[in-house]
Amino acid sequence: MVAAPVLEELREVCQPQAKLASRNGEHWAGRLYMRRVSLRFTRQLVRTPVTPDQLTWTMVVCGILSGAALLIPGLTGAVLAALFMQLFLLFDCVDGEVARWKGQNSATGIYVDRLGAYLADAALMTGIGFRAAESGLGGWLSLGLATALGVVLLKASTDLVDVARARRGLAVADDEAAAPRSQGVASVRRLAAAFKIHRVTNGIEASLVLLVVAFADAATDSLDPTRWTLAAIATITWLMVPAHLLSILSSSRLR
């Protein structure tokens, strides 16, 4: 078998600083800990016939399973959901690293990667709805589905910037273009960024929050903590949808 590459050499090729430093290029959990873990998996995977696309599809499955795990009541479901979402993040790092090392980047891989991000977050929010509706309260399931729709719209509104620019023949927008031209919008955006509350609309953060909430469910012997959490996430999500759209339209991203 081919010898495993040296970690420093692997890091230089697979974890380019330009990507890791980009505002939208890397999840905070990736920078904090997962990139250290993923590189060790990548070091072994590059010695095998496994392809980046196969790893990306594995990522997609883990994201969907995270939401499905919430159908299991109690702490077990919450723990599994958080675990699968961490595996989702791991494979989200590994697939790109393997692709860079093997020189196997593809449009299909990028497409499936983005599809996986949509499906994972939507599956988790839907799973929270099912969990909250465990006693047959259908309104909670509807709220979960509405939240899933909201997080999909948030992602789509960002991705559609690239679609619009590509159809116009423009290059990909840089981080500076994301700054709102309106001082009022910029101030609101800075305030929101300071509290980081928007992160709860992301499946990784939501799964960790739900894990903590599952302990509160167990302590109170009710689903009220989960239901209040779902209501809060839904509210934040649907406040962010128009705010994010306004932020895009008031920036230079479409110019």
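## H4 against H6

Helix H4 (residues 52-69) packs on helix H6 (residues 107-132) with an angle of about 10 degrees between them and 7 Å between their axes. That makes the two helices, H4 and H6, roughly parallel, since angles under 35 degrees fall in that class. Keep in mind throughout that this is a predicted model.

Who touches whom here? On the H4 side, the residues are Asp 53, Thr 56, Trp 57, Met 59, Val 60, Gly 63, Ile 64, Ser 66 and Gly 67. They meet a run of H6 residues: Thr 108, Gly 109, Val 112, Asp 113, Gly 116, Leu 119, Ala 120, Ala 123, Leu 124 and Gly 127. Sorted by class, the H4 and H6 contact holds nine nonpolar, eight polar and two charged residues.

## H5 against H6

H6 also has helix H5 (residues 74-102) as a partner, this time at an angle of about 175 degrees and with the axes 12 Å apart. H5 therefore runs roughly antiparallel to H6, as angles over 145 degrees count that way.

From H5, the residues in the contact are Gly 74, Leu 75, Gly 77, Ala 78, Ala 81, Met 85, Phe 88, Asp 92 and Asp 95. Their counterparts in H6 are Asp 113, Gly 116, Ala 117, Ala 120, Leu 124 and Arg 131. The tally for H5 with H6 is eight nonpolar, three polar and four charged residues.

Some H6 residues turn up in both lists: Asp 113, Gly 116, Ala 120 and Leu 124 meet H4 as well as H5.

Is Asp 221 buried or exposed? Exposed, with a relative accessible area of 72%.

Thr 220 belongs to helix H9, and at 45% relative accessibility Thr 220 is partly exposed. The side chain of Thr 220 makes a polar contact with the side chain of Ser 222, at 3.1 Å.

## The whole chain

Zooming out, the chain has 10 helices and zero strands, so from the N terminus on the elements simply read α-α-α-α-α-α-α-α-α-α. Of its 255 residues, 43% are buried. Taking contacts between residues at least 6 apart in sequence, 79% join residues at least 24 apart.

How values were computed
Residues are numbered from 1 along each chain as its sequence is written. This is a predicted model: local features need pLDDT of at least 70, side-chain atom pairs count only at pLDDT 80 or more; totals for chains, interfaces and linings use all residues. Side-chain values use heavy atoms; hydrogens and water are left out. Helices (H or I, at least four residues) and strands (E, at least two) are DSSP runs, numbered from the N terminus. Buried means under 20% relative accessible area, exposed over 50%, partly exposed in between (1.4 Å probe, protein chains only). Contact means heavy atoms within 4.5 Å. Axes are lines fitted to C-alpha atoms, for helices over the stretch in contact, and angles run from 0 to 180 degrees between N-to-C directions. Angles under 35 degrees count as roughly parallel, over 145 as roughly antiparallel, 65 to 115 as roughly perpendicular and the rest as oblique. Ala, Val, Leu, Ile, Met, Phe, Trp, Tyr, Cys and Pro count as nonpolar, Asp, Glu, Lys and Arg as charged, and the others, Gly among them, as polar. A polar contact is a pair of N or O atoms within 3.5 Å; within protein, one must be able to donate a hydrogen and the other to accept it, and residues adjacent in sequence count only if both atoms are side-chain atoms.
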